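Hi everyone, thanks for coming. Let's get the picture up on the screen and take a walk through one part of it.

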Amino acid sequence: MVLPIERRAFTRVTYSLAVIFLLMLVGAIAFHYLERLSWLDSFYLATVTLTTIGYGDITPTADATKIFVIFYSLGGVATVLFLMTSVA
């Protein structure tokens, strides 16, 4: 069954937003427990990392968090960029 173009575009956007939210949630949970940050600061750091803004006001201090950020930023940024270009 082939979906109409509007329905396919809506499905693609919905899927992309769900994956991005899931990535932000995983990052926030990791930052909350690894760095003992508040939930707001955890979501903030996850957003700043995934969008490659990198203000530098909150930085990882624990070695485990630094290792997590290496893989989170490489995989997360690549995934977000892929999803955004597939929606366009």
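Predicted model: local features only at pLDDT ≥ 70, side-chain atom pairs only at ≥ 80, totals over all residues.

Let's start with helix H2, which runs over residues 39–50. How far apart should its ends be? At 1.5 Å a residue, its 12 residues should span 16 Å, and the end C-alpha atoms are 16 Å apart, so the two agree.

Okay, next: which residues of H2 are buried? Those are Ser42, Leu45, Ala46, Val48, Thr49 and Leu50. Here's a handy bit of background: an α-helix has 3.6 residues a turn, so residues three or four places apart point the same way. And what covers the buried residues of H2? The cover includes helix H1, residues 5–35, and helix H3, residues 63–87.

Now for the loops. More background first: most residues other than glycine have a negative phi. With that in mind, look at Arg36, in the loop between H1 and H2. Arg36 isn't a glycine, yet its phi is positive, about 60°. Is Arg36 buried or exposed? Its relative accessibility is 69%, and the cut-off for exposed is over 50%, so Arg36 counts as exposed.

Then hop to the other end of the helix. Just after H2 comes Thr52, sitting in the loop between H2 and H3. Thr52 isn't a glycine either, and its phi is positive too, near 60°. Its relative accessibility is 54%, so Thr52 counts as exposed.

How values were computed
Residues numbered from 1 in each chain as written. Heavy atoms only, no water. Helix = DSSP H or I, 4+ residues; strand = E, 2+ residues; numbered from the N terminus. Expected span 1.5 Å × (residues − 1). Buried < 20%, exposed > 50% of the residue type's maximum accessible area, 1.4 Å probe, protein only. Contact = heavy atoms within 4.5 Å.
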